[in-house]
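Please keep the sequence and the structure in view while reading.

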Amino acid sequence: MKEECGVFGVFDHHEAAQLTYLGLYALQHRGQESAGIVSLDAGGNFFVVKEMGLVSDVFNPENISYLKGRSAIGHVRYSTTGSNNINNIQPLYSKTAKGKLAIAHNGNLTNAYSLYQMLKNEGALFQSTVDSEVMLHMIARSKSKTMLEAFKEVLPKVEGAYSLVCLGEDYLLAARDPYGFRPLVLGKLDQGFIVASETCALDLIGATYVREINPGEVIYIDKNGLQSHKLSKKPTPAFCVFEHVYFSRPDSIVFGDSVHLVRKAFGRMLAKEYPVDADFVMAIPDSGMSAALGYAECASIPYEIGMTRNHYIGRTFIQPSQKIRDFGVRVKLNPIRSVLEGKRVVVVDDSLVRGTTSRQRVAAIRKAGAKEVHLRISCPPHVSPCFYGIDFPSREELIAYNKSIEKIKEYLEVDSLGYLTEEGLLSAVSFPKDNYCTACFTGKYPTKIMDEMDKYKLERKW
Ligand code: SF4
């Protein structure tokens with residue numbers, strides 16, 4: 001399971017490129033394969049820097065100073081469609097008859113393949129194999145007179161998830177699909193406007209959080225200020241609940257809720273649903289920590305640090321190859337023998353996908369002397385893939401698709417296993433239950449999945 005992407009934009013600030021760099025730095029957890037910034041100067045000239053690697057590797061004082069102008073957009077990427085290569089780095093940039101346009105996209109389109117085939121048959125030449133480029137072609141071909149009209153015409157034709165930040169010759173445009181799968185927030189800094197995937201990026205640059213960009217809303221910002229437009233498709237919120245479980249940073253406000261506090265509430269619900277006698281509660285660092293605190297608080301069992309993370313290898317791995325991942329499991333987390341020896345422990349983790357990593361972690365905790373290991377997972381079992389921008393393994397590779405809870409318990413060699421129920425999960429968030437997507441736990445997708453895309457589909461067909 002991998003992160004997806006992060007987007008960031010600045011309109012009208014004298015440090016647009018620097019702020020975008022810092023914004024991407026704060027959003028690094030959403031994608032570690034590549035990063036890019038496109039800036040715009042007063043003459044309508046665009047400046048582009050993008051490269052494979054982490055934000056800190058891609059940008060330096062020289063290339064940031066090359067990114068001139070008072071507006072900029074940026075993107076950090078983990079590939080959810082198309083390979084991890086230089087052509088697929090965003091923002092995508094193109095010259096159209098209606099002016100130059102750069103696009104940064106978070107989310108996956110569920111009818112990208114059909115649209116791609118249609119555009120290719122009409123003679124479109126694709127620069128990349130990412131689904132986002134389909135939108136760029138459709139906007140370029142639109143007969144609408146202005147870019148804003150073109151976006152309003154094209155976006156209702158694409159299905160699935162998109163949180164977009166786009167830069168034109170004298171405007172910044174941000175849009176969110178009518179389901180609002182991925183987060184997108186609006187902020188203010190001095191006289192300028194900021195758009196970001198998460199509020200943690202606003203915090204880092206000292207911007208004020210204004211509000212979420214609503215599902216089905218298009219925001220258009222130019223020298224005259226901000227306009228809000230609605231897409232023709234009725235908003236039917238399906239916020240990705242997994243943003244709260246795992247993806248977003250705990251210091252962000254996502255879909256109106258504090259991620260840390262929602263995770264703590266997940267832990268409290270887990271303690272009610274699966275109580276057990278134990279000497280202490282520990283987390284699998286880092287994303288299990290808030291839920292473990294909630295579990296400990298509710299169960300009145302001490303919270304302990306039973307494992308430490310080596311922070312200097314990053315949150316996850318840059319190379320998604322199996323060989324490196326196995327190496328990473330061994331070096332990433334280390335159990336603390338002096339804490340674990342002879343103890344009955346509740347181990348709280350955020351999710352269980354293939355189960356291979358958890359099995360190794362449980363084995364390491366036992367090897368360090370734990371007498372009993374009770375595993376608690378702060379979301380329901382994963383039984384279906386995500387088509388909205390999270391790179392899950394195939395159904396067959398998901399451990400809960402193939403095995404009963406009892407069999408998973410045996411495979412992991414734990415003394416007990418408890419997954420948070422869907423009811424428990426949805427009791428911790430603020431909006432009504434039917435405003436959230438839970439498809440990877442239930443198999444009930446909020447949209448019709450026209451093209452069951454895997455991330456290389458456009459590439460193979462190409
Ligand atoms: S399928 Fe799961 S990960 Fe994908 S949007 Fe829905 S809740 Fe989020």
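## Cysteines

The number of disulfides comes to 0, where a disulfide is a pair of cysteine sulfur atoms within 2.5 Å. C5 is in no disulfide, and the nearest cysteine sulfur, that of C386, is 12 Å away. In general, a disulfide is a covalent bond between the sulfur atoms of two cysteines.

C5 is buried, at a relative accessible area of 5%. C437 is also counted as buried, at 11%. Buried means under 20% relative accessible area, exposed means over 50%, and partly exposed lies in between (1.4 Å probe, protein chains only).

## About the model

The model is predicted: local features need pLDDT of at least 70, side-chain atom pairs count only at pLDDT 80 or more, and totals for chains, interfaces and linings use all residues. Residues are numbered from 1 along each chain as its sequence is written, and side-chain values use heavy atoms, with hydrogens and water left out.

## The largest cavity

A search of the whole structure finds 3 cavities of 30 Å³ or more. A cavity is a set of points, on a 1 Å grid over the protein atoms alone, where a 1.4 Å probe fits but cannot get out. Grid points are joined across faces, edges and corners, and a volume is the space filled by probe spheres set on the points.

The largest cavity holds about 80 Å³ of space. Its lining has 14 residues, and C386, Y388, C437, A439 and C440 lie nearest the centre; lining residues have an atom within 4 Å of a point. By class, the lining has 12 nonpolar, 1 polar and 1 charged residues. Ala, Val, Leu, Ile, Met, Phe, Trp, Tyr, Cys and Pro count as nonpolar, Asp, Glu, Lys and Arg as charged, and the others, Gly among them, as polar.

## The ligand

The ligand takes up the space of the largest cavity; a molecule sits in a cavity if more than half of its atoms lie within 2 Å of its grid points. Residues around the ligand include R182, C240, F242, C386, Y388 and C437, each with a heavy atom within 4 Å of it. The shell has 10 nonpolar, no polar and 1 charged residues.

## Y388

Y388 lies in the loop between β21 (372-377) and α14 (399-402). Helices (H or I, at least four residues) and strands (E, at least two) are DSSP runs, numbered from the N terminus. Y388 is buried, with a relative accessible area of 1%.

Conventions: On a 1 Å grid over the protein atoms alone, a cavity is a set of points where a 1.4 Å probe fits but cannot get out, and a pocket is an open set with protein on both sides within 12 Å along at least five of seven lines; lining residues have an atom within 4 Å of a point.
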